[in-house]
Amino acid sequence: MSLSNPVINQEKPNQKHVEKEYKIENRFLVTWRRFKKNKAAVVGLIIFSFLLLIAIFAPWLAPHDPFVYELEDSYLPPSWDHPFGTDDKGGDVLSRTLYAARVSLTIGLVAMVITVAIGVTYGAIAGYFGGAIDNIMMRIVDAINSIPSLFLLLIIASIMVPSVWTTIFVLSITGWTGMSRIVRGEILSLKRRDYVEAARASGEKKSSIIFYHVLPNAIAPITVLATLDIAGNILAEAGLSFLGLGVQVPTPSWGNMLTAAQDLTTLLSYPWIAIYPGVCIILAALSINLIGDGLRDALDPRMKQ
Amino acid sequence: MTSYIIRRVLQAIPLLFIISIISFVLMTAAPGDPTDIYFMVEDAGSVDISYIKEYLGLDQPYYIQYLKWLKALVLDGNLGFSFQDNRPVMEKIVERIPATLTLMGTGILISFIFAIPMGIYAAVKRNSWFDYLTMGYVNLGLAVPSFWIALMALLVFSLKLDLFPAGGMRENYDQFDLLDRLRHLILPACVLAFGIMASKTRYMRSSMLEVIRQDYIRTARAKGLSERKVIFKHALRNALLPIITILGFQLPNMFAGSLFIENIFAWPGLGRLAYEAIFLRDYQTILGTTMFVSVMVVIGNLIADVLYAVVDPRIQYGKN
């Protein structure tokens, strides 16, 4: 049998028939199927879900009120009443660690959302317009990248009054450069495609071409980088809070719980103050990195190493 | 080649220019200004601040202040004066450079010594237990905050086991004592290396995997060369090239890491200077240090790019 001539046979193919023959999986399912095969990524997902659950159910899990300090109970070693011991002011380390999961994860996630919004918009504009605009915009990104982000964070954090929201603000305005670079690169290569040319020829607005036609195709690298950004934000927040410029006591964060351990005698005599919050930071960053790597392999098999 | 280097140097100039603008904006945004010093003196009420502002040029529009500041910076290397002790910021920075360079240099050296063989071996023996162990370390190393690993190293190796001193750069102040210096240097340098080694190992491994897939390696194997020769004579050379770029790439991270490490180990370097300045709200010193570090990063990247072009003849000079 000869192939049907598309010019002569213009009848529409039977929709139901097509669905039966080719089971078209949507993108999410395909990604999930590939993601599941990566053991490390699944472990990461489990650890991260666990941390999220802790953060959500902290009030029910915590044995003590994390904001109450009992000064006569300071520096107690781990026991039944205080499984992780108590800190320098008599706060229960376990309860504070659980509540800190809320604070640290919220900061990481919210800062990521803002970072993505700024980075994607900036990168899309630079990539779409190209030429001199792109050149100037990317030089600015290069310059910001050359300033070690921790120094930039410290300066801005020291100018402002530290709190949870200023921490989020500081992380957002310093963290978007990586995203903008990736998005710009994707846009530069995508905008030469024929379908974008067609959209332009049909007289669509520039903003709708960027956000409706081009950006959805750059979703894979954006997702991966956004995931890895959460880990970066959590580490940066921990660093800022550790130095006393991020989240302020009594609000617990994994970083500021470690501040007391800077004192050598505290560190030697009461090491539990330093160990548990540190392990949580590592678990959070590690699990997110694993998820990010898994997503990269699942979303774009070509990038697999 | 020469034209490539010149072009690359010229590209760095707008970068430095933008960094200087960012620094200046942050400095004017910071609370307090140089006239605050006069309020610390007794009888401050009788001082005519407007006269001093005029004398210092603070009454002029910002762009003129910026140009004057830039001129002083470029011509005299003047980064302003510390609010804390009124010494030139540049002088304070310069006396801290050797300590930071020693720490970072040793850290880089240690990280190379371990990262390169580990990355190569993990790639050659892909999916072996060694590979999994290496990748496990890499994932962990990327997730551990440097200040936490510094605290733990301090706790275990110097407080519990008493193998190394807990901080400082030397104990023997009378003369130069190499052994004393090394004893103080090893722990902070290893902690710094622990962090930067992870991404180097990962980079080395994937770069090696990339190279051994290529045709010329298959040819070398087909010729009957021993595996040793194939890896070390043919593959290694090309796999090592990208490592040069990551050195420039990691510089900002390294300065950040050394800020924590210098602070925890009481190492008298640039990072500690910046940290102390932040708590004294000595904005001139913070910004001076930041500006200085950023310029070092730009120069470091420049050197890395030029080096890369020298070693890799395949690089295109024509574009970018």
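Predicted model: local features only at pLDDT ≥ 70, side-chain atom pairs only at ≥ 80, totals over all residues.
1. Let's start with the fold of chain A. Its secondary structure amounts to 15 helices and 0 strands. Within the chain, 71% of the contacts with a separation of 6 or more join residues 24 or more positions apart.

2. Next, the overall dimensions. The radius of gyration of chain A is 25 Å, whereas a compact globule of 305 residues would have one near 19 Å. Along the principal axes, the C-alpha atoms of chain A fill a box of roughly 90 × 50 × 30 Å. As for burial, 45% of the 305 residues in chain A count as buried.

3. One helix pair in chain A deserves a look. Helix 5 (residues 93-129) and helix 15 (residues 272-299) have axes that come within 11 Å and cross at roughly 30 degrees. Because angles under 35 degrees count as roughly parallel, helix 5 of chain A is roughly parallel to helix 15 of chain A. The crossing of these two helices of chain A is right-handed.

4. Which residues of helix 5 of chain A meet helix 15 of chain A? From helix 5 come A:V93, A:T97, A:A100, A:A101, A:S104 and A:L105. Their partners in helix 15 are A:W272, A:I273, A:Y276, A:P277, A:C280 and A:A284. Sorted by class, this contact has 10 nonpolar and 2 polar residues, with no charged ones.

5. Please check the backbone at A:P250. The peptide bond from A:V249 to A:P250 is cis, and its omega is near 15 degrees. You will find A:P250 in the loop of chain A between helix 12 (219-242) and helix 13 (254-258).

6. Turning to chain B, have a look at B:N127. B:N127 is not a glycine, yet its phi is positive, at about 65 degrees. The residue sits in the loop that lies between helix 5 (89-124) and helix 6 (129-143) of chain B. Is B:N127 buried or exposed? B:N127 counts as exposed because it has 9 C-beta neighbours inside 10 Å, and the cut-off for exposed is 12 or fewer.

7. Another backbone point in chain B concerns B:D162. Here phi is positive at about 60 degrees, although B:D162 is not a glycine. B:D162 belongs to the loop between helix 7 (146-160) and helix 8 (178-212) of chain B. With 9 C-beta neighbours inside 10 Å, B:D162 counts as exposed.

Definitions and conventions:
Residues numbered from 1 in each chain as written. Chains lettered and ligands numbered in written order. Helix = DSSP H or I, 4+ residues; strand = E, 2+ residues; numbered from the N terminus. Rg over C-alpha atoms; globule rule 2.2 N^0.38 Å. Buried ≥ 20, exposed ≤ 12 C-beta atoms within 10 Å, placed from the backbone. Contact = placed C-beta atoms within 7 Å. Axes fitted to C-alpha atoms, helices over the stretch in contact; angles between N-to-C directions. Parallel < 35°, antiparallel > 145°, perpendicular 65-115°, else oblique. Left-handed = near helix turned anticlockwise from the far one by under 90°. Nonpolar A, V, L, I, M, F, W, Y, C, P; charged D, E, K, R; others polar.
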